[in-house]
Amino acid sequence: MLYHIIAASEDRIALSFCSGLLLNDRYRLTECLYQDGGIHQIWRAIDLQLQTPVVVKALDFGALHNAERRRVMQHEYNLMTQAAHLYVAQVYELMPGEDRFYFVMESFQADLLTFLGVHPSNPSWLLDAMIQVLGALEHGHALGMTHRDVKPRNIFVNFDGKNFTAKLGDFESAVCFDDRGNPAHSTDDLWFRGTPYYMSPEKLELYCMGALLGSYRMRFSMEAASDLYAVASVLKELSASQVFPPQFDEILRKAIEEDPGKRYATAAEFGRALQALL
Ligand SMILES: Nc1ncnc2c1ncn2[C@@H]1O[C@H](COP(=O)(O)OP(=O)(O)OP(=O)(O)O)[C@@H](O)[C@H]1O
Ligand SMILES: [Mg+2]
């Protein structure tokens with residue numbers, strides 16, 4: 001049997017994911033890449049119609065009937081669709097069913113952290129990757145969207161032996177702001193998002209205060225600046241023990257200035273500074 005029933009409640013039956021399972025008569029699951037404590041599963045699959053590899057991001061059984069988790073996954077899919085760009089991981093279709101809730105997306109070899117763990121480090125790949133991510137952020141920021149969780153595990157890469165491509169993924173924490181700079185959401189669930197290690201000092205401060213106070217509203221400008229700070233933190237983390245041109249340290253220092261007013265003002269400006277090193 002290709003799948004097994006793992007629970008039945010009332011008249012609903014939930015089905016687990018497993019290797020070999022055929023979804024929507026089209027996607028054959030091949031390998032589970034990642035499981036997030038009962039919330040998400042990430043599967044490699046083959047799109048039988050197009051004969052290409054894809055990846056399926058699915059709500060795990062534990063989260064399947066949690067309305068908030070479903071809303072967050074739908075939100076991620078919607079924002080990735082809106083943010084469509086050369087350097088944003090592409091999403092293909094959302095299947096918001098009662099027995100399975102998942103979306104299908106572009107397949108990558110690995111996330112940046114895993115990739116650099118396997119391939120010998122290369123400064124130009126790292127610069128390329130971050131320039132591409134800054135391109136994705138520039139596009140998102142122009143739409144009023146901030147990512148809020150830029151980190152090596154959320155940057156997905158492909159390498160064919162010659163060309164290196166990096167794209168921004170995992171838009172679960174992303175948010176779109178309205179014209180007045182307020183997040184366009186009706187609940188508080190998405191206020192406190194991001195990974196503290198990569199957060200700008202000013203956001204971290206608000207994050208801690210917010211966690212104490214329960215609720216606050218983040219402005220677009222702070223979140224956009226924090227995205228850029230996260231890029232700089234990733235660069236700093238991954239560039240250790242590699243040899244870069246001397247101007248690199250200067251760029252990094254400017255990008256992680258304590259005072260946000262002294263940092264790069266836009267993703268495009270930061271990207272141009274890195275581009276000049278190649
Ligand atoms: N399209 C993809 N191609 C290849 N690997 C992927 C893809 N999507 C996700 N992964 C792998 O699965 C991991 C988790 O994916 P993602 O960040 O989207 O899920 P998540 O459940 O929101 O994770 P977390 O909450 O830990 O950030 C990634 O870090 C990456 O290693
Ligand atoms: Mg992630």
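How do the residues of the shell around ligand 1 divide into nonpolar, polar and charged?

What we have here is a predicted model, where local features need pLDDT of at least 70, side-chain atom pairs count only at pLDDT 80 or more, and totals for chains, interfaces and linings use all residues. Residues are numbered from 1 along each chain as its sequence is written, and chains are lettered from A and ligands numbered from 1 in the order in which they are written.

Okay, back to the ligand. The shell around ligand 1 splits into 8 nonpolar, 5 polar and 7 charged residues. For that count, Ala, Val, Leu, Ile, Met, Phe, Trp, Tyr, Cys and Pro are nonpolar, Asp, Glu, Lys and Arg are charged, and the others, Gly among them, are polar. There are 20 residues around ligand 1, and His40, Val55, Phe108, Asp111 and Asp170 come nearest; a residue is near a molecule if its C-beta atom, placed from the backbone, lies within 6 Å of it.

Where does the shell come from? Strands β4 (27–36), β5 (40–47), β6 (52–59) and β8 (101–106) each give at least two residues, with the largest share, 3 residues, coming from β4. Domain 1 (5–106) and domain 2 (110–275) each put in at least three residues, with those bounds taken from an automatic or database domain assignment.

Zooming out, the chain has 7 helices and 13 strands. Those are DSSP runs numbered from the N terminus: helices are H or I with at least four residues, strands are E with at least two. Of the 278 residues, 35% count as buried. Buried means 20 or more other C-beta atoms within 10 Å of the residue's own, exposed means 12 or fewer, and partly exposed is in between, with C-beta atoms placed from the backbone.

Now look at helix α7 (residues 267–275), where you'll find alanine 267. Alanine 267 is buried because 23 other C-beta atoms sit within 10 Å. Leaving out residues up to four places away in sequence, alanine 267 touches Leu134, Leu137, Glu138, His141 and Leu228; a contact is two C-beta atoms, placed from the backbone, within 7 Å. Alanine 267 and histidine 141 are 126 residues apart in sequence, yet 8.4 Å apart in space, C-alpha to C-alpha.

What about helix α3 (residues 123–142)? At 1.5 Å a residue, its 20 residues should span 28 Å, and the end C-alpha atoms are 28 Å apart, so the two agree. The expected span is 1.5 Å times one less than the number of residues. After α3 comes glycine 144, with a positive phi near 85 degrees.

Most residues other than glycine have a negative phi. Aspartate 25, though, has a positive phi of about 55 degrees, in the loop between β3 (22–23) and β4. Aspartate 25 is exposed, since 7 other C-beta atoms lie within 10 Å. Arginine 148 also has a positive phi, near 70 degrees, but arginine 148 is buried, with 24 other C-beta atoms within 10 Å.

The average pLDDT, the predictor's confidence in each residue from 0 to 100, is 88 for the chain. Over residues 1–14 pLDDT stays under 50. Where pLDDT is low, the predicted coordinates should not be read in detail.
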